[in-house]
Amino acid sequence: MKRKIFTEDHEAFRHTVRAFLEREVLPHYERWEREGAVDREVWRAAGRQGLLGVAVPEEYGGGGQEDFRYGAVLAEEFTRAGTPGLAIGLHNDVIGPYLTSLATEEQKKRWLPGFCSGETITAIAMTEPGAGSDLQGIRTSAEDRGDHWVLNGSKTFISNGILADLVIVVARTTPEGGAKGLSLLVVERGMPGFERGRNLDKIGQKSQDTAELFFHDVRVPRENLLGERDGAFVHLMTQLAQERLAIAVAGIAGAEHLLEITREYVMGREAFGRPLARLQHVRFEVAEMATECAVTRAFVDRCIEDHVSGGLDAVHASMAKWWATELQKRTADRCLQLHGGYGYMSEYPVARAFTDGRIQTIYGGTTEIMKEIIGRSLLS
């Protein structure tokens with residue numbers, strides 16, 4: 001079915017993204033996978049190409065396009081290229097809105113130009129060793145000392161954790177406040193007491209630097225409080241719909257790409273003297289996956305339209321995130337099976353997609369949390 005959500009401007013942007021991937025990312029990606037992180041220069045190249053801060057106002061160096069469809073194009077093209085290690089989506093679609101909607105004018109002038117140029121790489125630190133999706137379990141604390149905060153604690157599974165120059169940290173500022181006693185503090189590279197642990201060894205997305213972060217009596221200037229004191233819970237809930245939609249966009253794009261490369265494989269591969277594509281089982285598998293992708297694509301595109309018009313709620317974003325990422329996981333498993341032994345070889349795209357995509361049902365809120373959100377909306 002022909003998609004109707006993109007204009008000529010979006011498609012022109014898509015060509016720009018594809019050219020950037022061909023020129024700046026794909027030639028280096030195998031090395032980045034071995035090294036466990038991308039080069040900082042590729043972030044600056046992305047800034048020069050106008051791929052960073054697309055939604056940031058032009059006065060701060062951004063693109064001034066508050067249209068999530070540009071973010072959707074980026075998510076789709078990076079997924080299809082098999083290059084999730086360069087976490088531009090996290091930078092633009094997750095962290096960007098915190099800075100543009102919550103930062104003071106002084107903070108915007110201080111942080112956004114580097115954000116858009118690629119000189120400042122960002123991360124957000126929520127997850128802790130003992131607290132994942134449950135914000136009430138956060139133990140990282142910040143004590144108010146008047147003109148600064150004293151930050152102590154640790155975070156884990158932080159994307160961009162090694163390269164990040166600016167980290168939005170969720171910390172407890174009111175001990176007895178529960179989830180409503182949390183604030184957002186911006187920690188910058190070089191602050192004494194801010195240390196990075198190891199670059200975590202993951203089963204997929206090897207070039208995405210995912211790290212542990214440690215804070216030992218870090219003096220965070222009072223002017224680095226982002227948003228309202230004790231307002232982090234509301235701030236986080238406000239931004240999660242877009243984060244989850246972005247993950248859903250990558251999920252359906254990943255499933256569609258897997259189907260595409262598997263279709264090509266079974267049409268060219270022979271078994272028992274004839275192409276795999278002539279076996280009824282294979283045709284049924286492809287037919288089922290194609291139908292599931294088409295149905296999911298219609299729903300996700302509708303969610304994109306709703307989000308652009310300001311009408312996407314947390315429940316439908318959760319539906320999209322759950323369904324699209326679980327579809328991606330199922331499709332990866334089925335497509336690997338259809339590749340046979342070759343599907344288990346790391347040089348085949350289906351093998352990398354199998355491991356790279358597995359995290360999709362976990363980060364941004366697990367499938368189980370998505371179901372809980374949906375269920376509560378229907379049964380309370």
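Modeller: Before we start, helices (H or I, at least four residues) and strands (E, at least two) are DSSP runs, numbered from the N terminus. This is a predicted model, where local features need pLDDT of at least 70, side-chain atom pairs count only at pLDDT 80 or more, and totals for chains, interfaces and linings use all residues. Residues are numbered from 1 along each chain as its sequence is written, and side-chain values use heavy atoms, with hydrogens and water left out.

Biologist: Fine. Where is threonine 173 found?

Modeller: In the loop between strand E4 (166-172) and strand E5 (182-188).

Biologist: Does it count as buried or exposed?

Modeller: Threonine 173 counts as buried, because its relative accessibility is 6%. Buried means under 20% relative accessible area, exposed over 50%, partly exposed in between (1.4 Å probe, protein chains only).

Biologist: Which residues does threonine 173 touch?

Modeller: Leaving out residues up to four places away in sequence, Ala142, Trp149, Gly181, Leu182, Ser183, Arg229 and Asp230. Contact means heavy atoms within 4.5 Å.

Biologist: And how many Å apart are threonine 173 and alanine 255 in space?

Modeller: 42 Å, C-alpha to C-alpha. In sequence they are 82 residues apart.

Biologist: New topic. How many helices and strands are in the chain?

Modeller: 11 helices and 10 strands.

Biologist: What does UniProt list for residues 236-379?

Modeller: An unreviewed entry gives "domain: Acyl-CoA dehydrogenase/oxidase C-terminal" there. UniProt positions are in the numbering used here, feature names are shortened, and annotations may be inferred rather than shown by experiment. In the model, that span is 75% helix and 3% strand.

Biologist: How much of the chain is buried?

Modeller: Buried residues are 51% of the 380.
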